[in-house]
Amino acid sequence: MTATGSGTVPNPTSAPEGPVRLFAAGADAGYSAHRETYGHLEIVKGGPGLRAELERSGLEGRGGAGFSTARKIDAARQSVSDRMFPASAVVIANGAEGEPRSIKDSTLLRHSPHLVIDGLLATAALVGASRMYLYSSPESLGALRSALAERRDTRRITLVQAKETFISGEASAVVNAIENGIALPTDRTVRLTTSGLRARPTLVHNVETLAHVALIARFGGDWFRSEGVGGDAGTRLVTVSGAGQRERVLEVPGDARISDILEAAGVSTSVVSAVLVGGYHGTWIPADDLSVVLSKAALAPYGGRPGAGVLFLLARDECGLQVTASITRYLAEESAGQCGPCLYGLDALATLMERIASGRGDHGLRREAERLGLSLIGRGSCHHPDGTAGLVQSALSAFASDVEAHLTGRCRRTARV
Ligand code: SF4
């Protein structure tokens, strides 16, 4: 079967059935296993085909922010056509995975690198990009080098090693790292799709997003939507870890319940007291609510979203406040130190959480943590302060009774981060 990256009607007849799509070619799939499973994807420049299928699919980014993939591509295409002086676009596959509790991108790059490469090539053709980059964590470089060497259509793809920091995967940090080797976010008043790498229109897509693009290019938007629901169409990769469980990655439909995902991962919900959803900038969901669907719509009442697909488990004997205090300290230390509110505010927030978790504080600490968190939102060049403040707010709400117990010195649980 051959499909084109744009221009013709995709063919869903040989598409993978069921929710195992991204790993359908098996473990460590080489180029021949990849093509036997999915068929050859002929990349053709221009034409409305893939753009229309992406719109139909409803695919949203899988890196955390959850933007519409079609809209983002439109923005880059518009920037290219608006230019007085022509400058071709750049497409970057972002596999930095700075989120400590996520291994989904490295797992995808190891087992299905050719889907990511196909998606990168198809997206580049769609926006007329002349340069492509694969920005990868150190552990995935070997698999990517081998995959690139297996094919003849990867000449214009440059492999770049990502820094191992929490914010190395933030889109403007990715562009900075490729441009000057410094993986720090920049204060952006202009979108990257307008002016990014060397002032060119730049698309930064998470590697899982690009792998889905490769499948949509072959099998179409309607096929993609045959799993999942509404704004959470298709499948997503999820990393389950914590509570002494073996870290593992699952591909699940967009409408899967958290409890069903844990069951599929071999985890009994009876050993879990809460789950941190989305990553270290995520939201705590208490054990009583684990039947909630891992989707944007279902998590919205909790102030959460699927984010980078992280499900970090809190065991029954662990203290959610102590774990949150440890994570907040880690996030404070990961501040790039460029913005005062982030550098000093996150340190102060971590200290407040440590005092609450230690049980030696007073009742004013909770109010102070809430006030400080709110004052940090929107005060950084990137979303690091917002995400950290959101985590703290979520902990104070999800573990409200534990806060009371701590402030009267009654916590008997432990921290295990
Ligand atoms: S908000 Fe924090 S992490 Fe983001 S750019 Fe500023 S100092 Fe760096």
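A: Let's start with the scale for accessibility: buried means under 20% relative accessible area, exposed over 50%, and partly exposed in between (1.4 Å probe, protein chains only). This is a predicted model, in which local features need pLDDT of at least 70, side-chain atom pairs count only at pLDDT 80 or more, and totals for chains, interfaces and linings use all residues. Residues are numbered from 1 along each chain as its sequence is written, and side-chain values use heavy atoms, leaving out hydrogens and water.

Side chains of opposite charge can pair when their charged atoms come close. The whole structure holds 18 salt bridges, each being a side-chain nitrogen of Lys or Arg within 4 Å of a carboxyl oxygen of Asp or Glu. Helices (H or I, at least four residues) and strands (E, at least two) are DSSP runs, numbered from the N terminus.

Take Glu404 and Arg366 to begin with: this salt bridge brings the closest N and O atoms to 2.6 Å. It links distant parts of the chain, since Glu404 belongs to helix 16 (residues 400–407) and Arg366 to helix 14 (residues 364–376), 38 residues apart. Arg366 counts as buried because its relative accessibility is 18%. Glu404, at 33%, counts as partly exposed.

Arg329 and Asp347 form another salt bridge, with 2.6 Å between the closest N and O atoms. Here too distant parts of the chain are linked: Arg329 is in helix 12 (residues 320–333) and Asp347 in helix 13 (residues 340–358), 18 residues apart. Arg329 has a relative accessibility of 18%, so it counts as buried. Asp347 has 36% and therefore counts as partly exposed.

Asp28 pairs with Arg110 in a salt bridge whose closest N and O atoms are 2.9 Å apart. Asp28 is partly exposed, with a relative accessible area of 42%. Arg110 is also partly exposed, at 48% relative accessibility.

Now for a group that goes beyond a pair. Salt bridges link Arg51, Glu55, Arg71 and Asp74 in a network. To see its setting, look at where two helices meet: Arg51, Leu54 and Glu55 of helix 2 touch Ala70, Arg71, Ile73, Asp74 and Arg77 of helix 3, a contact being heavy atoms within 4.5 Å. By class, this contact has three nonpolar, no polar and five charged residues. For the classes, Ala, Val, Leu, Ile, Met, Phe, Trp, Tyr, Cys and Pro are nonpolar, Asp, Glu, Lys and Arg charged, and the others, Gly among them, polar. Helix 2 and helix 3 pack at about 145°, their axes 9 Å apart; axes are lines fitted to C-alpha atoms over the stretch in contact, and angles run from 0 to 180 degrees between N-to-C directions.

Helix 2 covers residues 49–57, and its buried residues are Gly49, Leu50, Arg51, Glu53, Leu54 and Ser57. Among the elements that cover these buried residues are helix 3 (69–82), helix 5 (113–127) and helix 8 (207–219). Just after helix 2, Gly58 takes a positive phi of about 75°.
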